[in-house]
Amino acid sequence: MTPSILSIPMRYFMEVALHGSVSQAAARLYVASSAVSRQIAKLEDSLGTALFERKARGMALTQAGERLAAHLRTTLMDTEQVVEQVRGIGGREAGRVRVACTEGFAVGFMPEVMRRFRASHAQSQLQLHVGAPDEVSALLGRGEADIALKYAVAPERGFRIEHSAPAPVYALMSPDHPLARQRAVSVAEVVRHPLAVGSKGVTARQLFDLSCSVQGLSYEPAFVSNFSSVLLPLVRAPDIVLSGHLTAVHLIENGTLVARPFVEPQMHQRRLQVLSLDGRTLSPLARALVQQLVAAIAGGGRRRLGRARKM
């Protein structure tokens, strides 16, 4: 258990900020709700500003409250990191790294990164949480992950970009697909074929829908899922899947699929980002994993797109 460095009012504030409820915070703290309310009022009075907006269904942070909560969160995480280092046993490299990523990285990319990292950091503990893009951001924002890996089309407030690389959307298809013989494809060509696409919250789908809208095109997907690992095995000519390169690089390298870039600029307006929480100092172990991720992303950047099968 990490010793608390927060005063009682600050501890109570953080519990209410986390749960959005005085009663839930009181239950977690094993005190009366009135005690929590008194401490919050005392803190607001000392700071001269409201930290919460009282609503019928709970407590919502004000702008000042969000600023204070973000600062305290990073302070607590830095304290936990130092305590873990102090507790290192027998001089071994101690510590854990918690990573959150979207599922497109979880099948082929992250296992290889983690395997290589463990080979050089045998005493480390890696924790990987796989989720939807919004969930990955929420985990990092709550301090439940040290590093996040995801695709993004715009910067996200409160996060520090440790690394950013172009991540265009590709049309993935079997090597004997008619479009596989082309060096690049257009959205207009792709919509003529059965499409397996991600759900509307997935960046590849967002950019494809934007490009269709710009060109006045429409399509009816043959298969929709937020889990690309389900979509990829379904690809048979004449099917096409929209995906990032790293998601399918293992299938491209073994000859199962080929990837073809789009000619439309909208399909290139995406970045692959390694993120940390703004204001937090990463541990040496987490920093080493970031470096491993950057190297692996650079290696994947030397894109092999696969060869069409001769007809």
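In strand β5, V99 finds its bridge partner in I147. This is a predicted model, where local features need pLDDT of at least 70 and side-chain atom pairs count only at pLDDT 80 or more, while totals for chains, interfaces and linings use all residues. Residues are numbered from 1 along each chain as its sequence is written, and side-chain values use heavy atoms, with hydrogens and water left out.

Strands β3 (residues 96-102) and β5 (residues 147-152) run parallel over 3 bridges; two strands pair if DSSP finds at least two bridges between them. Helices (H or I, at least four residues) and strands (E, at least two) are DSSP runs, numbered from the N terminus. The open sheet has 5 strands in the order β4-β3-β5-β12-β6, with mixed pairing.

Helix α1 (residues 8-19) packs against helix α2 (residues 22-29) at about 125°, with axes 8 Å apart; axes are lines fitted to C-alpha atoms, for helices over the stretch in contact, and angles run from 0 to 180 degrees between N-to-C directions. The two are therefore oblique to each other (under 35 degrees is roughly parallel, over 145 roughly antiparallel, 65 to 115 roughly perpendicular, the rest oblique). On the α1 side R11, Y12, E15, V16 and H19 meet V22, Q24, A25, R28 and L29 of α2, contact meaning heavy atoms within 4.5 Å.

As for confidence, pLDDT (the predictor's confidence in each residue, from 0 to 100) averages 87 over the protein chain, and 92% of its residues reach 70 or more. Over residues 89-94 pLDDT stays under 50.
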